[in-house]
Amino acid sequence: MKRSVYPQYVAAILLALTVLCLLAGCSSVESARAQEELERPTVVPATALTPAPKPPDAREVAILTLYIRADEEGSVEAVELESASIVRSFAPNVLGLYGAWTVELVGRETIQFGTLNPLHVRVYGDEEDVPHTDLWLTETTWRLVVPLYDRGEDLEVTEINIYDETQEWVFSTPVDREGWSVE
């Protein structure tokens, strides 16, 4: 009478699966232990937050508040400078970025960076399958932060120009380092 080797193969496979399950269980236990050992982040209440530190050198940014009015087609009709100040601060890393509008800094050399069109607003629905809606504002107040230095060196900016997506001039202002409030 011949004995079948089939049950022996089944037993070997079951034994191998059991060993794999035990090893996987051990690794998940080790993983759980490792997660327990991680330091939990400390939550800082908003009332305890302090302002960002000032740079140790004379790095400055200009903060322009612009009122922009456009027609129904989105063409800019008027731009008014509501306020401007120069602040000792670290600047956003925007030099060289592309965007719908262009900000041009005229100084020791001319440098440009792109920014979003402040008249264009994208609204997303509550549901994921609902596409976004593009809105075009006919008026808005836009706060623009402009770096006045690059790599720690003053760019000696004397004028700030803004152009729209068609590279049409929108706004210009001289940089008034004496008249703008320095904070």
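Is R122 buried, partly exposed or exposed? I looked up R122 and found a relative accessibility of 40%, so R122 counts as partly exposed; the scale I used calls a residue buried under 20% relative accessible area, exposed over 50% and partly exposed in between, with a 1.4 Å probe and protein chains only.

**Ground rules.** I keep in mind that this is a predicted model, in which local features need pLDDT of at least 70 and side-chain atom pairs count only at pLDDT 80 or more, while totals for chains, interfaces and linings use all residues. Residues are numbered from 1 along each chain as its sequence is written, and side-chain values use heavy atoms, with hydrogens and water left out.

**Salt bridges.** I counted 6 salt bridges, taking as one a side-chain nitrogen of Lys or Arg within 4 Å of a carboxyl oxygen of Asp or Glu. R122 takes part in one of them, with D134, at 3.0 Å from N to O. D134 lies in strand β6 and R122 in strand β5 (residues 120-123), so the pair ties together parts that are 12 residues apart in sequence; strands here are DSSP runs of E, at least two residues long, numbered from the N terminus. D134 is also partly exposed, at 35% relative accessibility.

I then looked at E156, which forms a salt bridge with R108, the closest N and O atoms being 3.7 Å apart. E156 lies in the loop between β9 (153-154) and β10, and R108 in the loop between β3 and β4, so this pair ties together parts that are 48 residues apart in sequence. I also noted a network of salt bridges that links E60, D154 and R177.

**The open sheet.** I traced an open sheet of 4 strands in the order β4-β3-β10-β11, with antiparallel pairing, where two strands pair if DSSP finds at least two bridges between them. β4 (110-115) and β11 (169-174) stand at the edges with a single partner strand each, so one side of each is left without a neighbour in the sheet. Inside this order, β3 (residues 101-106) and β10 (residues 159-163) pair over 5 bridges in the antiparallel sense, and V103 has I162 in β10 as its bridge partner.

**The core.** Which residues have the most contacts inside the largest nonpolar core? I found L66, L105, V146, I160 and I162, in a core of 27 residues; such a core is a set of buried Ala, Val, Leu, Ile, Met, Phe, Trp, Tyr and Cys residues joined through side-chain atoms within 4.5 Å. The largest share of this core, 5 residues, comes from β1. Leaving out residues up to four places away in sequence, V146 touches V61, A62, L64, L105, F113 and I160, with contact meaning heavy atoms within 4.5 Å.

**Tryptophans.** My search of the whole structure gave 1 aromatic pair, for which ring centres of Phe, Tyr and Trp (its six-membered ring) must lie within 6.5 Å, and planes under 30 degrees apart count as stacked, over 60 as edge-to-face and the rest as tilted. The rings of W101 and W142 have centres 5.8 Å apart and planes at 90°, so this pair is edge-to-face. W101 belongs to β3 and W142 to β7, so the pair ties together parts that are 41 residues apart in sequence. W101 is buried at 1% relative accessibility, and W142 is buried at 12%. W136, in strand β6 (residues 133-136), is partly exposed, with a relative accessible area of 47%.
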